[in-house]
Amino acid sequence: PGQIIVDGRETTVNAELKDVYSASEEAKADVMGVYNVLYMMDRAVIPAAEREQALATYFAGLFRSVRFGIEEAHGRGAAVQYSYLKEKGAFTWDEAQQRYRVDYDRLEAGIRDLVADLVRLQGDGEYEGTRAFFERYARLDENVETVLANTSDIPVDIEPIYPDSV
């Protein structure tokens, strides 16, 4: 929702969520994107055989976003997704292999629950609830730090170089 009613007055999600709006919107956009892919798979619009690949790609994408730092909206939104889904048992850390193991069924259920929570918080324009949600989940653990350290030689972004003339 963009326009909402809070305490009988018309307002916007942005106005109500203030400083947590951008990160909330980024988290919602990411998780709702994969939710919509799964929805289309359930309706045979996209091949369901690609479910695990789509879920693994979504999960890996969280690490790309947190590389920007969790002070930035994309990184903070990704950190929320990571911590929330971790709490839901969507993945585990394999210490011996230094990698994650995804539980696809739990990941899908966690995605569904996270979409519901984020949309509800935004739709209600609940600033304090959203702020508390982000304080609880916008964190990274030592396993993420290990993964990020292993990718430190990979640029965070690509710097395009344009010719002087075409």
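Predicted model: local features only at pLDDT ≥ 70, side-chain atom pairs only at ≥ 80, totals over all residues.

Biologist: What's the phi of Asp-7 like?

Modeller: Positive, near 55°, and Asp-7 is a residue other than glycine. Most residues other than glycine have a negative phi.

Biologist: And is Asp-7 buried or exposed?

Modeller: Exposed, because its relative accessibility is 77% and the cut-off for exposed is over 50%.

Biologist: What about Lys-18, where is that?

Modeller: Lys-18 is in the loop between α1 (13-17) and α2 (21-42). Its phi is positive too, near 45°.

Biologist: Why does Glu-16 count as buried?

Modeller: Because its relative accessibility is 12%, and buried means under 20%.

Biologist: OK, changing topic. How many residues does α5 have?

Modeller: 21, covering residues 104-124. From first C-alpha to last, α5 reaches 30 Å, close to the 30 Å expected at 1.5 Å a residue.

Biologist: Which residues of α5 are buried?

Modeller: Leu-107, Gly-110, Ile-111, Leu-114, Val-115, Leu-118, Leu-121 and Gln-122. They span an arc of only 145° around the axis, so they lie on the same side of α5.

Biologist: What's going on at the start of α5?

Modeller: A side-chain oxygen of Asp-103 comes to within 3.3 Å of the backbone nitrogen of Asp-105 there.

Biologist: And which residue follows α5?

Modeller: Gly-125, with a positive phi near 60°.

Biologist: Now pockets. What volume does the largest pocket have?

Modeller: About 180 Å³. Its lining includes Phe-59, Phe-63, Arg-64, Tyr-100 and Leu-148.

Biologist: Which elements give two or more residues to that lining?

Modeller: α3 (51-66), β4 (99-102) and α7 (142-150). The largest share, 4 residues, comes from α3.

Biologist: How does the lining of the largest pocket split by class?

Modeller: There are 7 nonpolar, 2 polar and 3 charged residues. Among the residues lining the pocket are Arg-64, Arg-67 and Arg-99, and arginine counts as charged.

Conventions:
Residues numbered from 1 in each chain as written. Heavy atoms only, no water. Expected span 1.5 Å × (residues − 1). Buried < 20%, exposed > 50% of the residue type's maximum accessible area, 1.4 Å probe, protein only. Arc of directions from axis to C-beta. Polar contact = N/O pair within 3.5 Å; in protein donor to acceptor, adjacent residues only side chain to side chain. 1 Å grid on protein atoms, 1.4 Å probe; cavity = no way out; pocket = protein on both sides within 12 Å on 5 of 7 lines; lining within 4 Å. Points joined across faces, edges and corners; volume = space filled by probe spheres on them.
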